[in-house]
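Here's a quick walk through a predicted model. Have a look at the structure first, then read on.

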Amino acid sequence: MAESWKQLVKRNLWTENQVVRQILGICSSLAVTNLMANSLVMGLGLTFVTALSSLTLSLLRNLIPRRIRMIVQTLVIAAYVILVDLIIKAALPDISKALGPYVALIITNCIIMGRAEAYAQKNPPVASMLDGFFAGIGYTLVLLLIALIREALGFGTIFGYNVNLLGLDTWTIMVMPPSAFFLIGILIWLVSNVQEKKKNPAGKPGPAKR
Amino acid sequence: MDTAKEGGGVKHDYLNTIVFILVLSLVFGGILAGTNAWLRPRIDANEQIAEKRSVLEAFGIDSTGDAQTIVARFDSQIRPDTQQDLPIYSWFGADGGTKGYAIPFSGAGLWGTIRGYLAVSADLKTVLGLTFVEQNETPGLGGRIDEPPFKEQFRNISIDLNQGFAYGDDLDAITGATSTSRAVLQILNDLLRQTLADWEVV
């Protein structure tokens with residue numbers, strides 16, 4: 001794979017961002033993004049699990065029988081998620097309480113298996129780990145952006161600090177999952193437009209061939 | 001080693017697959033079992049501290065501070081007790097008299113079990129406080145039952161065994177979390193009816 005460090009980072013954060021370009025990990029993007037703090041911990045948990053599972057699966061890539069590779073991926077991912085859950089419970093009981101069922105739900109996030117299938121099974125270990133790590137960071141950044149808007153408008157706070165200095169009414173809709181649908185939709189549209197313009201600066205957006 | 005092999009040598013292939021998945025399961029199962037055994041004492045200790053903190057908070061006693069402070073404060077004033085086969089906690093004042101009881105409750109919320117403590121005065125006429133130990137309600141909506149603005153409403157309100165608690169003048173439900181708000185009152189009112197109504201006042 002002749003992909004440089006820079007290309008790998010740019011691909012994961014921007015051109016193939018998991019949420020806004022690949023449309024993966026949407027469930028959790030809707031569920032946890034009403035508070036910045038929850039989004040951050042969810043994002044970091046996912047980043048950690050994706051990096052480690054990609055590393056492990058890449059190390060095993062030549063040993064895994066193809067027919068059962070998905071079962072193997074699930075097993076490895078589940079093991080890491082349980083590990084993260086145990087460590088958070090032991091070291092950070094307060095955060096564990098705040099996150100409740102979300103940590104266990106990391107396993108259902110398509111991004112992890114997506115990276116395992118699309119990258120780790122045919123690339124060397126270190127590159128796979130970096131790919132998983134930056135895919136997770138790309139996801140985290142989108143979550144934080146959505147959460148910033150939702151928490152500021154829904155609660156008037158950012159990371160729990162009051163920013164609603166004018167005492168404006170907060171929007172209950174922003175606290176509820178439907179608002180994330182709208183925000184993610186708008187974000188997907190904006191990002192696609194910007195990327196399309198870059199690729200094709202003069203002409204109208206759309207495929208070149210007719 | 002060679003993925004192109006799939007198809008040929010079927011028997012050999014099956015054996016490989018089975019051995020591989022067995023070994024992998026054993027390795028990862030072993031790692032998890034080991035980690036669990038290693039961290040379990042700490043996790044249990046954390047949960048006990050959280051439980052004690054919750055009981056202290058229900059009584060309105062200062063529940064801040066590190067683990068040792070909490071345990072010391074808890075052990076000096078609170079003793080486990082039973083009432084109608086329910087494990088409750090009794091709060092003793094400096095003079096040895098009972099100042100109140102913390103009664104555990106649990107019931108169905110919107111998404112999962114809600115568990116916590118309702119603390120009442122020794123004469124069962126006043127609620128001293130309400131705390132939650134476990135809840136899986138929507139963060140930011142139902143999850144706000146575990147935040148001070150909701151919980152503190154229950155400090156020092158009088159108990160009417162016939163009427164139970166109701167939203168209205170004294171208590172406010174949470175906007176956007178009607179189901180959770182109702183579930184909490186349902187659980188508390190069941191507790192009043194089933195436990196407090198038959199309480200043997202000592």
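## Where the chains meet

Let's begin with the contact between the two chains. On the chain B side, 25 residues take part, and they touch 25 residues of chain A. What does the chain B side look like by class? Its residues that touch chain A split into 12 nonpolar, 11 polar and 2 charged.

## Two helices in chain A

Now for some packing inside chain A. As for handedness, helix 3 of chain A passes helix 7 of chain A in a right-handed crossing.

Which residues make the contact? Helix 3 of chain A brings A:Leu46, A:Val49, A:Thr50, A:Ser53, A:Ser54 and A:Leu57, while helix 7 of chain A supplies A:Ile111, A:Ile112, A:Arg115 and A:Ala116. Sorted by class, the residues of this contact come out as 6 nonpolar, 3 polar and 1 charged.

## A glycine in helix 3

Is A:Gly45 buried or exposed? It has 24 C-beta neighbours inside 10 Å, and the cut-off for buried is 20 or more, so A:Gly45 counts as buried.

What does A:Gly45 touch, once neighbours within four places in sequence are left aside? The contacts are A:Val84, A:Val103 and A:Ile106. Take A:Ile106: it is 61 residues away from A:Gly45 along the chain, yet their C-alpha atoms are separated by 7.5 Å.

## Two positive phi values

Finally, two backbone spots to check, one in each chain. In chain A, A:Phe159 has a positive phi, near 50°, despite not being a glycine. You'll find A:Phe159 in the loop between strand 1 (157–158) and strand 2 (161–162) of chain A. Because A:Phe159 has 13 C-beta neighbours inside 10 Å, it counts as partly exposed.

Over in chain B, the residue to look at is B:Leu124, another non-glycine with a positive phi, this one about 60°. B:Leu124 lies in the loop that runs between strand 4 (113–121) and strand 5 (126–134) of chain B. With 16 C-beta neighbours inside 10 Å, B:Leu124 also counts as partly exposed.

Methods. Residues numbered from 1 in each chain as written. Chains lettered and ligands numbered in written order. Predicted model: local features only at pLDDT ≥ 70, side-chain atom pairs only at ≥ 80, totals over all residues. Helix = DSSP H or I, 4+ residues; strand = E, 2+ residues; numbered from the N terminus. Buried ≥ 20, exposed ≤ 12 C-beta atoms within 10 Å, placed from the backbone. Left-handed = near helix turned anticlockwise from the far one by under 90°. Contact = placed C-beta atoms within 7 Å. Nonpolar A, V, L, I, M, F, W, Y, C, P; charged D, E, K, R; others polar.
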